[in-house]
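Okay, hi everyone. I'd like to walk you through a structure I've been looking at, so let me put it up on the screen.

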Amino acid sequence: MSPGTVCLFLTAAALLTGLCRADSVSQTPAAITVNEGEDGPLFCNYTATSSSSPYLFWYRQHFSGSMEYVLKRNQYIRKTETLPGDRFSSEFDHVNQTIHLKVLNTEPTDSAVYYCALNPTETQNWADPIQKLSVSH
């Protein structure tokens, strides 16, 4: 990776209720590229049949292996609960069942695998990233 490049890999963490296998999340496109300092938009669609007001989460896993909570939203949470630094924003659309994360003013330290998750949850294999965000200058 060249200096000034930030790669944000996104994986749909389809975390299910265990009772209703119709709950799911998906993330597209497979790759997004932005320059360092630009905003990095990340997209997540969800289907929730087990709850009328599900919680959606974003996490990121750094290449060192550490997992980090980014934010939590549902239709009633207007203010995004995020990591310190306030460089994340989100748009939650309950009607269209989408939650989008925006990494503001991207930095090389934002390089990570990003997971969108639906609660209530059950662990599932998160083997291959399906969405990448790359930042370069």
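So, which residues are linked in a network of salt bridges? They are R60, E68, R87, E107 and D110. Before we get into them, a bit of housekeeping. This is a predicted model, where local features need pLDDT of at least 70 and side-chain atom pairs count only at pLDDT 80 or more, while totals for chains, interfaces and linings use all residues. Residues are numbered from 1 along each chain as its sequence is written, and side-chain values use heavy atoms, with hydrogens and water left out.

Side chains of opposite charge can pair when their charged atoms come close. Here, the rule is a side-chain nitrogen of Lys or Arg within 4 Å of a carboxyl oxygen of Asp or Glu. By that rule we get 4 salt bridges.

Let's start with R60. One partner is E68, with the closest N and O atoms 2.7 Å apart. Another partner is D110, at 3.1 Å from N to O. R60 sits in strand β5, residues 55-61, and D110 is in the loop between β9 and β10 (112-119), so this pair ties together parts that are 50 residues apart in sequence.

E68 is partly exposed, at 24%.

Next, R87 and E107: their closest N and O atoms are 3.7 Å apart. R87 lies in the loop between β7 (81-82) and β8, and E107 is in the loop between β9 and β10, so here the parts tied together are 20 residues apart in sequence. R87 counts as buried at 18%, whereas E107 is partly exposed at 33%.

Now the sheet. For two strands to pair, DSSP has to find at least two bridges between them. Between β4 (residues 40-47) and β9 (residues 98-103) there are 6 bridges, and L42 has L101 in β9 as its bridge partner.

That's my tour, thanks!

Definitions and conventions:
Helix = DSSP H or I, 4+ residues; strand = E, 2+ residues; numbered from the N terminus. Buried < 20%, exposed > 50% of the residue type's maximum accessible area, 1.4 Å probe, protein only.
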